[in-house]
Structure formats: structure tokens, C-alpha cells
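Here is my note on the model you sent.

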Amino acid sequence: MKKVIFIGIVALASFASCKKDHTCTCTYAGSSTPTTVTYTDSKKGAARSQCLSYTRTTTGGGTSTRTCTFK
């Protein structure tokens, strides 16, 4: 009986989503101020993917080289 209850608890825990806030901080070439984006109530993998593909348009309409860190 204890095994059945344990398996049930593990099964329920596996269906629970692990959503929380994640932060992406990017520093762009030519800019001393980093850009911080917070992905609220998101899964880690989805937020990380969005962080690494995040782009910012410059005033002239182009993009600049960036270095991003994900937390």
C-alpha cells in the first residue's frame, strides 16, 4: 500500500509545472548600460531560449553585438 501511495505522489509531482520568474541580462557593444528582461511565470527552458534569441533594435534600425547571461 505504501508503494502505491508513493507512486501516486511521484506521478502527481511530475505533472506539476515548474514555472517561476527568470531574468535575462544582455550587454550590447557600444553601450555601458545592460538591458534586463524578466520572463514571468515561465519554464526555465522556454525562458532561456527566449533570452538567447532576444534582439534589440538600435536607433539606426540595425542590431548590435550582445552578450547575454541567463538566471
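Predicted model: local features only at pLDDT ≥ 70, side-chain atom pairs only at ≥ 80, totals over all residues.

1. Now the setting of P34. The residue is found in the loop between β1 and β2. Leaving out residues up to four places away in sequence, P34 touches T25, C26 and T27. P34 and R66 are 32 residues apart in sequence, and their C-alpha atoms are 9.7 Å apart in space.

2. Next, the overall layout. The protein has 2 helices and 3 strands. Along the sequence their order is α-β-β-α-β. Helix α1 covers residues 2-15. Strand β1 spans residues 20-28 and helix α2 spans residues 44-52. Strand β2 takes residues 35-42, and strand β3 takes residues 66-70.

3. β1 and β2 pair in the antiparallel sense, over 6 bridges. These two strands form a hairpin with 6 residues between them. In the turn, G30 has a positive phi of about 85°. β1 also pairs with β3, again antiparallel, over 5 bridges.

4. How many disulfides are there? The count comes to 2 disulfides. With bonded cysteines counted along the chain, the pattern is 1-3, 2-4.

5. Take C24 and C51. These cysteines form a disulfide, with sulfur atoms 2.0 Å apart. The pair links distant parts of the chain: C24 sits in strand β1, C51 sits in helix α2, and 27 residues separate them. The disulfide is right-handed, because the torsion about its S-S bond is about 70°. Both C24 and C51 are buried. C24 also has a bridge partner in β2, namely V37.

6. Then C26 and C68. Their sulfur atoms are 2.0 Å apart, and they form a disulfide. C26 lies in strand β1 and C68 in strand β3, so this pair ties together parts that are 42 residues apart in sequence. The link is right-handed, with 105° about the S-S bond. C26 stands opposite C68 in β3. C26 has a relative accessible area of 1%, so it is buried, the cut-off being under 20%. C26 is also one of the residues that P34 touches.

7. M1, V4, I5 and I9 make a patch of about 470 Å². Of these, I5 lies in helix α1. I5 counts as partly exposed, because its relative accessibility is 47%.

8. Some totals to finish. The protein has 71 residues, and 14% of them count as buried. The buried residues include C24 and C51, as well as C26. The accessible surface comes to about 5600 Å², with 59% of that belonging to carbon and sulfur atoms. Among contacts between residues at least 6 apart in sequence, 40% join residues at least 24 apart.

Key:
Residues numbered from 1 in each chain as written. Heavy atoms only, no water. Helix = DSSP H or I, 4+ residues; strand = E, 2+ residues; numbered from the N terminus. Buried < 20%, exposed > 50% of the residue type's maximum accessible area, 1.4 Å probe, protein only. Contact = heavy atoms within 4.5 Å. Areas by Shrake-Rupley, 256 points an atom, 1.4 Å probe, with all protein chains shown as cover. Patch = residues over 30% accessible without salt bridge, like charges linked within 9 Å, V, L, I, M, F, W, Y side chains within 5 Å. Salt bridge = Lys/Arg side-chain N within 4 Å of Asp/Glu carboxyl O. Disulfide = S-S within 2.5 Å. Pairing = 2+ DSSP bridges.
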